[in-house]
Amino acid sequence: MRRSPRSGSAPGGSRRSPADPASDVAAPHTAAAGAVVGQAPRIGPRAAYAALDCALWPARDSERVTGPFTAAGAPPTLVVGGRLDPVTPHHWAESMTRTLDSAVLLTRDGVGHGSYGPDPCVNAAVDAALLDGVLPADGTVCTPAPATTDPAALTGAGG
């Protein structure tokens, strides 16, 4: 029985299974993915194999940027990083801020992936950057309100 292009055994729906002989280009990635899966058995498979679609893409990009991406000449950039983000670690945001010529770092002191939406402080800073071109001071930290199960606090009704 022939497999469809999307039926590879790699989690995350890669176009070919890492075991497929046609995916020799992915061999180094597959070896590294094994280490990721070993360190994070719950989310490792998705994270480790998600990039295989790109690794196996048949077209080559002749304009691919291979050097450091500094965004020279770009307007100031807001980089938002969650302190305890399991998908995009905070040190990645720190590194990006150092690499870009004119970036400021806004840190969300909280757990989880995704900072815009659940945190009013982050929302206000991102909205100001996008709508008004106003950036917070580099190194600004947004600290979320303490977690609660009080229905009045959750609905904003107060008591």
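Tyr116 is partly exposed, with a relative accessible area of 48%; here buried denotes under 20% relative accessible area, exposed over 50%, and partly exposed the range in between (1.4 Å probe, protein chains only). The model is predicted, so that local features require pLDDT of at least 70 and side-chain atom pairs count only at pLDDT 80 or more, whereas totals for chains, interfaces and linings use all residues. Residues are numbered from 1 along each chain as its sequence is written, and side-chain values use heavy atoms, with hydrogens and water left out.

Tyr116 is located in the loop between β2 and α5; helices (H or I, at least four residues) and strands (E, at least two) are DSSP runs, numbered from the N terminus. Not counting residues up to four places away in sequence, Tyr116 touches Val122, Asn123, Val126 and Asp127, a contact being defined by heavy atoms within 4.5 Å. The C-alpha atoms of Tyr116 and Gly82 are 9.9 Å apart in space, the two residues being 34 apart in sequence.

Three strands form an open sheet in the order β1-β2-β3, with parallel pairing; two strands pair if DSSP finds at least two bridges between them. Because β1 and β3 stand at the edges, each with a single partner strand, one side of each lacks a neighbour in the sheet. On average, neighbouring strands of this sheet are turned by 25 degrees against each other, direction ignored. Axes are lines fitted to C-alpha atoms, for helices over the stretch in contact, and angles run from 0 to 180 degrees between N-to-C directions. Between β2 and β3, the parallel pairing extends over three bridges, and Leu106 has Thr140 in β3 as its bridge partner.

Two helices pack on the sheet. Helix α4 touches β1 and β2, and its direction makes about 155 degrees with that of β1. Helix α5 touches β1, β2 and β3, at about 165 degrees to the direction of β1.

In helix α4 (residues 90–99), the buried residues are His90, Ala93 and Thr97. They cover an arc of only 55 degrees around the axis and therefore lie on the same side of α4, the arc being that of the directions from the helix axis to the C-beta atoms. These buried residues pack against β1 (77–84) and β2 (103–111), whereas the face turned away from the buried side carries the exposed residues His91 and Arg98. Thr97 has a relative accessibility of 12% and counts as buried. Residues up to four places away in sequence being left out, Thr97 touches Val79, Ala103, Val104, Leu105 and Asp138.

A search of the whole structure finds one disulfide, a disulfide being a pair of cysteine sulfur atoms within 2.5 Å. Cys121 is joined to Cys142 with an S to S distance of 2.0 Å. Since Cys121 lies in helix α5 (residues 120–132) and Cys142 in strand β3 (residues 140–142), the pair ties together parts that are 21 residues apart in sequence. The torsion about the S-S bond is about -65 degrees, so the disulfide is left-handed. Cys121 counts as partly exposed at 35% relative accessibility, while Cys142, at 1%, counts as buried.
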